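Subject: A structure for you to explore

Hi there,

Here is the structure I promised to pass on to you. Have a look at it first, and then read on for what turned up in it.

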Amino acid sequence: MRTLADLAAQAASLQPGADAAIAQCGGAWPVPDAAALELGRLSRCYSLLYEQLLRLEIDRELTERRNELRSLLAYHLHMLRDAGDLAFSGRHDERTEPFRRELAEGLGSYATRLLHLAAELRKSASLAADQPADFAGSSRGEFELDDVYLQGDGPQDE
């Protein structure tokens with residue numbers, strides 16, 4: 001659980017840069033070369049996380065969460081690649097303009113889903129670490145996504 005939570009947290013920490021790089025590819029033409037470098041760096045980081053996730057041996061009850069994280073990482077990788085392909089194709093094509101404008105929105109709801117999953121996994125890992133080993137799985141399903149507070153949208157620790 002802790003390793004899965006750490007991978008999700010790492011992916012979430014990379015997300016502001018990925019969102020900005022993708023959005024930049026949907027902005028003014030031509031896209032600065034620095035965006036290509038950032039897309040490449042972030043693609044490599046997300047690829048490494050994806051590979052670590054694939055090699056991670058997990059308990060059966062974590063399969064759904066692992067699959068959700070894998071899906072979100074795959075989406076981020078596809079968006080980074082597609083943004084780069086479109087922005088640095090060397091041609092400005094009116095047929096691709098609608099998609100290019102969508103890039104200006106960044107990662108959208110997938111970014112929010114990753115943040116929620118990372119928060120949920122962090123909370124579950126913390127709960128599991130606080131419980132005796134015999135009861136580590138008993139907290140499953142005891143809290144809902146609405147109970148997870150992300151920075152800026154709920155009560156702050158005092």
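Which are the buried residues of H2? They are Ala-35, Leu-39, Leu-42, Tyr-46, Leu-49 and Leu-53. What covers these buried residues includes helix H1 (2–25) and H3. Please keep in mind throughout that this is a predicted model.

Now for the whole chain. The protein chain has 5 helices and 0 strands, and reading along the sequence gives the pattern α-α-α-α-α. Of the 158 residues in the protein chain, 34% are buried. If you take the contacts between residues at least 6 apart in sequence, 79% of them join residues at least 24 apart.

Next, please find helix H3 (residues 63–87) and helix H5 (residues 109–130). Two packed helices are described by the angle between their axes and the distance between the axes. For H3 and H5, the axes come within 10 Å and cross at roughly 145°. The crossing of H3 past H5 is left-handed.

Which residues meet there? From H3 come Arg-65, Glu-68, Leu-69, Leu-72, Tyr-75 and His-76. In H5, their partners are Tyr-110, Arg-113, Leu-114, Leu-117, Glu-120, Leu-121 and Ser-124. Sorted by class, this contact of H3 with H5 has 7 nonpolar, 2 polar and 4 charged residues.

The structure holds 1 aromatic pair, and it is made by the rings of Tyr-75 and Tyr-110. How is such a pair described? A pair of aromatic rings is described by the distance of the centres and the angle of the planes. Here the ring centres are 3.6 Å apart and the planes are at 15°, so the pair is stacked; planes under 30 degrees apart count as stacked. Because Tyr-75 lies in helix H3 and Tyr-110 in helix H5, the pair ties together parts that are 35 residues apart in sequence.

Are these two tyrosines buried or partly exposed? Tyr-75 has 22% relative accessibility, so it counts as partly exposed. Tyr-110, at 28% relative accessibility, counts as partly exposed too.

Enjoy exploring!

Best wishes

Notes
Residues are numbered from 1 along each chain as its sequence is written. This is a predicted model: local features need pLDDT of at least 70, side-chain atom pairs count only at pLDDT 80 or more; totals for chains, interfaces and linings use all residues. Side-chain values use heavy atoms; hydrogens and water are left out. Axes are lines fitted to C-alpha atoms, for helices over the stretch in contact, and angles run from 0 to 180 degrees between N-to-C directions. Helices (H or I, at least four residues) and strands (E, at least two) are DSSP runs, numbered from the N terminus. A crossing is left-handed if the near helix is turned anticlockwise from the far one by less than a right angle, and right-handed if clockwise. Contact means heavy atoms within 4.5 Å. Ala, Val, Leu, Ile, Met, Phe, Trp, Tyr, Cys and Pro count as nonpolar, Asp, Glu, Lys and Arg as charged, and the others, Gly among them, as polar. Rings of Phe, Tyr and Trp (its six-membered ring) pair if their centres lie within 6.5 Å; planes under 30 degrees apart count as stacked, over 60 as edge-to-face and the rest as tilted. Buried means under 20% relative accessible area, exposed over 50%, partly exposed in between (1.4 Å probe, protein chains only).
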